[in-house]
Amino acid sequence: MAKRQDTKKFFENLSGAGKSIGVLTSGGDAQGMNAAVRAVVRMGIYVGAKVYFVHEGYQGMVDGGDNIEEASWESVSSMLQVGGTVIGSARCKEFRSHEGRLKAAHHLVQRDITNLCVIGGDGSLTGANLFREEWSGLLEELVQQGLIDEEAAQNNSELHIVGMVGSIDNDFCGTDMTIGTDSALHRIIEVVDAIMTTAQSHQRTFVLEVMGRHCGYLALVSALACGADWVLIPEMPPEDGWEEQMCQKLSESRSRGSRLNIIIVAEGAIDRQGKAITVNNVKDLVVSCLGFDTRVTILGHVQRGGTPSAFDRILASRMGVEAVLALLEASASTPACVVSLCGNQAVRLPLMECVQMTQDVQKAMDEKNFEEAVRLRGRSFENNLNTYKLLSYRKADSELPNSSFNVAVLNVGAPAAGMNAAVRSAVRVGITEGHKMFAVNDGFEGFYKGQIKEIKWGDVGGWTGQGGSILGTKRTLPAKHLDKIAEQIRIHNINALLVIGGFEAFLGVMELSAAREKYNEFCVPMVMVPATVSNNIPGSDLSIGADTALNAITDTCDRIKQSASGTKRRVFIIETMGGYCGYLASVGGLAAGADAVYIYEEPFDIRDLQSNVEHLTEKMKTGIQRGLVLRNENSNENFTTDFIYQLYSEEGKGVFDCRKNVLGHMQQGGAPSPFDRNFGTKIAAKAIQWISRKLKESYKEGKVFANTEDTACLLGMRRRAMVFQPVVQLKDQTDFVHRIPKEQWWLKLRPLMKILAKYKTSYDVSDSGQLEHVTRVRPKKVD
């Protein structure tokens, strides 16, 4: 990958003046496509380009006329929260023919459109690439036929294409998440959660079919997220004789006291011979083999519907802006690219490399080379599969390694959705690794009071979907109770600690590791996994619980915005949680389409408030007659939510009226989102595997002794990787007074929000994706 220059480059130098961009959605619809269209339109207009909607996908390009229509700033208002695609999508046979593409080229040249932003699946993107390769030939034909003159051909000689992948299946290689996947998971999980209550009542088995003809991502992740008993996917068909294994597993889980079974089947599921496995096959099997009361539910198009999740809106907005930048920077020699997400970073990849790799997966599956298919699907898919295998099947006690180590798990700080998924995963992976797992109730407080007991495999069944913290969590720090905690570690012979929680958990692990000099008991491996809605933990870009809180904020903002559609000219001031960390307010603002967001990290004064009021006054003169302003709870001690509400009310007199809303603890509650369940599950599994390694390394002469920096770590997500970082080393990166990291990655998303709300701002694009290549070699694991 090209080394980045240290000089920051700002996109003020990138002008779109004189350029025209066409944006279309093609193929199957996906939630979040509208957010992408909105971002492309607004960013395009912002840099001075003309932007055109191409309605009904390629069909509209072939038909021309009113199907290609210039977009305005206001024309994309209110579409952020709408599912599907507002500009329409169609599968177009005609575009596959040379004649069709000739017509399409003619219609684009008539409007001087030489930049296309295509949002769709691999078929749509392959079509776009072919169109680009043929472009000069198509123009020549048009000149010969007298449909365009030489000058027009000259002015439109190059066609630039940037793709964004919109597909609920997440079946495109090179990108971690495609637009729509997270929302589809939301629909699936809502259904599974609802089904679980009825299955529980009647002791039923449910077989669910989810979408994914060629890709098992939705089935796999939803199985992980709801703790399904069995999952069938096309990439990894079950071993021969799976029928017996599955039935044995179902009856075992019943005999352990479970009242229900959930089996998830991807619509493209096959066995090792390539024969389809349908939901009805599975149902008949369970009924004939076990006699369980079994029902089938086919989710169908429900998965494509509904509003996009917060994740999809942010993903699509980031990708849309990135796509416009890529088009502005494109030259004759750059290949058509897709903008995508790798870890937490926007990247650009050559479109055909990704398409090739996506087709290679299918080829590997056709050739029954299933291991290769899984590898080509990418690291995120592979991680999910490995974690599912670890958690789903309980080996008999005789098969387990006996490590004779005792590992304790506790929750510290405020509750965060996804904590329980993390505890479940830790307990089950720990048992699989041969450890004895202990649960500590009520954080460090319960620890020194001795509320510690062994926790077994079956004790954590059904925990993934539960909000809050079942173990109980407290903000108490250990420093004042070190004697008693050390005593409890001795009594229960605890050899390692997993602390799941927020800023207090971070402080707690620091205090325990600092006390190692005085107490041998604390010389054990300890790892902290960040779980807090505020997302304010140094050493990690994301924490468990933040995604659920973002969705709660976005849902509420959607409702609030809707309430304003009846009463015109209304501005809402909404207060979010987060302590001094502006993550929820900023990223929530991006997902909800806010006009302004006030946070502590970006100081503001009365002049800023004044200019925001003037900006809203201007906005009220257009067709969009409502405003949304978010304020982080601690953004400024004097400019309180009440103050801002009163200021806006006074200054907006006669133009708009104001309402205020404090969201409060609803941001901490609720069932965890699919992302938080999955993230919690994977990160806790990784933490326990690290503990196992450290226990082996530090076991000398019959006891565990670990007192080096690297045996008291925080496991965090950093850009593209999960990294273990000694807590001592994170000291310098932390502002302890305000309980936030000194540097926060999401601050660079703020200009995006301002641009999409029509503010002139400086946007640092030195971090925007440079063209990379799809890696097929395994990246080395970062320990």
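**Exercise 1. Helix α11**

Solution. The model in which they are found is a predicted one.

Step 1: α11 covers residues 351-366, which makes 16 residues. From its first C-alpha to its last the helix reaches 23 Å, close to the 22 Å expected at 1.5 Å a residue.

**Exercise 2. Positive phi**

Find where S78 and R739 are placed, and give the phi of each.

Solution. Step 1: most residues other than glycine have a negative phi.

Step 1: S78 is not a glycine, yet its phi is positive, about 70°. S78 sits in the loop between β3 and α3. Its relative accessible area is 36%, so S78 is partly exposed.

Step 2: R739, also a residue other than glycine, has a positive phi near 55°. The loop that holds R739 runs between β26 (734-735) and β27 (740-741). With 29% relative accessibility, R739 counts as partly exposed.

**Exercise 3. Aromatic pairs**

Classify the pair Y58 and F95 as stacked or edge-to-face, and do likewise for the pair Y580 and Y600.

Solution. Step 1: the structure holds 16 aromatic pairs. In one of them, Y58 and F95, the ring centres are 4.0 Å apart and the planes meet at 10°; the pair is therefore stacked. Planes under 30 degrees apart count as stacked.

Step 1: Y58 belongs to helix α2 (residues 57-63), while F95 is in the loop between β3 (68-70) and α3 (98-110), so the pair ties together parts that are 37 residues apart in sequence.

Step 2: Y58 counts as buried because its relative accessibility is 5%. F95, at 5% relative accessibility, also counts as buried.

Step 3: Y580 and Y600 are edge-to-face, with 5.2 Å from centre to centre and 75° between the planes. Y580 lies in the loop between β18 and α19 (583-592), and Y600 in the loop between β19 (596-598) and α20 (606-620), so this pair joins parts that are 20 residues apart in sequence.

Step 4: Y580 has a relative accessibility of 30% and counts as partly exposed. Y600 is partly exposed too, with a relative accessible area of 28%.

Step 5: Y58 and F95 form one aromatic cluster together with F131 and W135. A charged residue lies over another ring: R254 is over the face of F292, at 4.2 Å from the ring centre.

**Exercise 4. Nonpolar cores**

How many residues does the largest nonpolar core have, and which residues have the most contacts inside it?

Solution. Step 1: the largest nonpolar core has 205 residues. Those with the most contacts inside it are M61, L116, F131, M164, I264, L498 and Y583.

Step 1: helix α10 (residues 310-329) gives the largest share of this core, 13 residues.

Step 2: leaving aside neighbours within four places in sequence, Y583 is in contact with S534, N535, L542, A546, L550, G588, W745 and W746.

Step 3: a second, separate core has 33 residues, among them V412, V499, F506 and A515.

**Exercise 5. R570 and N551**

Is R570 buried or exposed, and is N551 buried or exposed?

Solution. Step 1: R570 is part of strand β18 (residues 570-576). Its relative accessibility is 14%, so R570 counts as buried; the cut-off is under 20%.

Step 1: beyond its neighbours within four places in sequence, R570 is in contact with A564, M620, Q625, R626, G627, F656, D657 and R659. With D657 the contact includes a polar one, side chain to side chain, at 3.3 Å.

Step 2: N551 is in helix α18 (residues 546-566). A relative accessible area of 8% makes N551 buried.

Step 3: beyond its neighbours within four places in sequence, N551 is in contact with H186, S309, A310 and S673.

Note on methods. Residues numbered from 1 in each chain as written. Predicted model: local features only at pLDDT ≥ 70, side-chain atom pairs only at ≥ 80, totals over all residues. Heavy atoms only, no water. Helix = DSSP H or I, 4+ residues; strand = E, 2+ residues; numbered from the N terminus. Buried < 20%, exposed > 50% of the residue type's maximum accessible area, 1.4 Å probe, protein only. Contact = heavy atoms within 4.5 Å. Polar contact = N/O pair within 3.5 Å; in protein donor to acceptor, adjacent residues only side chain to side chain. Phe/Tyr/Trp six-rings, centres within 6.5 Å; stacked < 30°, edge-to-face > 60°. Lys NZ or Arg CZ within 6 Å of the ring centre and 35° of its normal. Expected span 1.5 Å × (residues − 1). Core = buried A, V, L, I, M, F, W, Y, C linked by side-chain atoms within 4.5 Å.
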